[in-house]
Amino acid sequence: RHAAALGITIVPKLQCLGHVDYLLKHERYRHLREAEHPYQYCPRSEQVFALWQAMALELMKCFAEHDEFFHIGADETNNLGECAECAKYSKADTYVFHVDRCLDVIAGQGRTPVMWDDILRDLHGVLGAEEAKRVQSLSDKAILNYWSYGYGGTGNAFPLVHTYRERGARVWG
């Protein structure tokens, strides 16, 4: 309530795929890992989706007064396609399968989904250029949070802003 009075927008976030080692490090959740990696969920697991959805809905209730946006993360998914189930599909198809459903959960609650854009621009070389083009359709459903570490090197510019904008994507930087 105080944030709104100050003109500050609060954007709750729950990682939907990577950066979940806080949870997957526990034996109870080991079966939800992508190929035993404690950092990333298996994106083809229905149990993962059900758990994430339940947590997202609970978090939205906790932040009911901040009901405009919700960030799903979806970044740094370096282990895509490594488990036996995910290996049956392309990395792009697996990524879209999971992230698209998460975006739908958020939109279904009347909030605008936000997601990191690094996989869409293949910043980490996980997908390859052709597969990266296929996942860019997710920009139709979410605000892309375009980021840069800002300490030099490759990937710290914003070369795809114009491409995203030409597609009609909404971009935060």
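Predicted model: local features only at pLDDT ≥ 70, side-chain atom pairs only at ≥ 80, totals over all residues.
Biologist: What makes the radius of gyration of the protein chain agree with that of a compact globule?

Modeller: For 173 residues, a compact globule would have a radius of gyration near 16 Å, and the protein chain has 16 Å, so the two agree. Along its principal axes, the C-alpha trace spans about 50 × 40 × 30 Å.

Biologist: Which helices and strands make up the protein chain, and in what order do they run?

Modeller: The protein chain holds six helices and six strands. Read from the N terminus, the order is α-α-β-β-α-β-α-β-α-β-α-β.

Biologist: Why is Glu76 called buried?

Modeller: Buried means a relative accessible area under 20%. Glu76 has 13%, and is therefore classed as buried. Glu76 lies in the loop between strand 3 (69-71) and helix 4. Its phi is near 45 degrees, a positive value in a residue other than glycine.

Biologist: How many residues does the largest nonpolar core have, and which of them have the most contacts inside it?

Modeller: The core has 40 residues, and those with the most contacts inside it are Trp52, Phe70, Ile72, Tyr95, Val99 and Met115. Two or more residues each come from helix 2 (21-24), helix 3 (46-62), helix 4 (91-108) and helix 5 (129-135). Helix 4 gives the largest share, seven residues.

Biologist: Which residues does Ile72 touch, not counting those up to four places away in sequence?

Modeller: Contact means heavy atoms within 4.5 Å. On that basis, Ile72 touches Leu14, Gln15, Cys16, Trp52, Val99, Cys102, Leu103, Ile106, Val114 and Met115.

Biologist: What share of the contacts with a separation of 6 or more joins residues 24 or more positions apart?

Modeller: Such pairs account for 71% of those contacts in the protein chain. Buried residues make up 46% of the 173 residues.

Biologist: What is the accessible surface of the protein chain, and how far apart are the mean positions of its positive and negative charges?

Modeller: The accessible surface comes to about 8,800 Å², with 53% belonging to carbon and sulfur atoms. The mean positions of the 19 positive and 23 negative charges are 3 Å apart.

Terms used
Residues numbered from 1 in each chain as written. Heavy atoms only, no water. Helix = DSSP H or I, 4+ residues; strand = E, 2+ residues; numbered from the N terminus. Rg over C-alpha atoms; globule rule 2.2 N^0.38 Å. Buried < 20%, exposed > 50% of the residue type's maximum accessible area, 1.4 Å probe, protein only. Areas by Shrake-Rupley, 256 points an atom, 1.4 Å probe, with all protein chains shown as cover. Lys, Arg positive; Asp, Glu negative; His and termini not counted. Charge placed at Lys NZ, Arg CZ, Asp CG, Glu CD. Core = buried A, V, L, I, M, F, W, Y, C linked by side-chain atoms within 4.5 Å.
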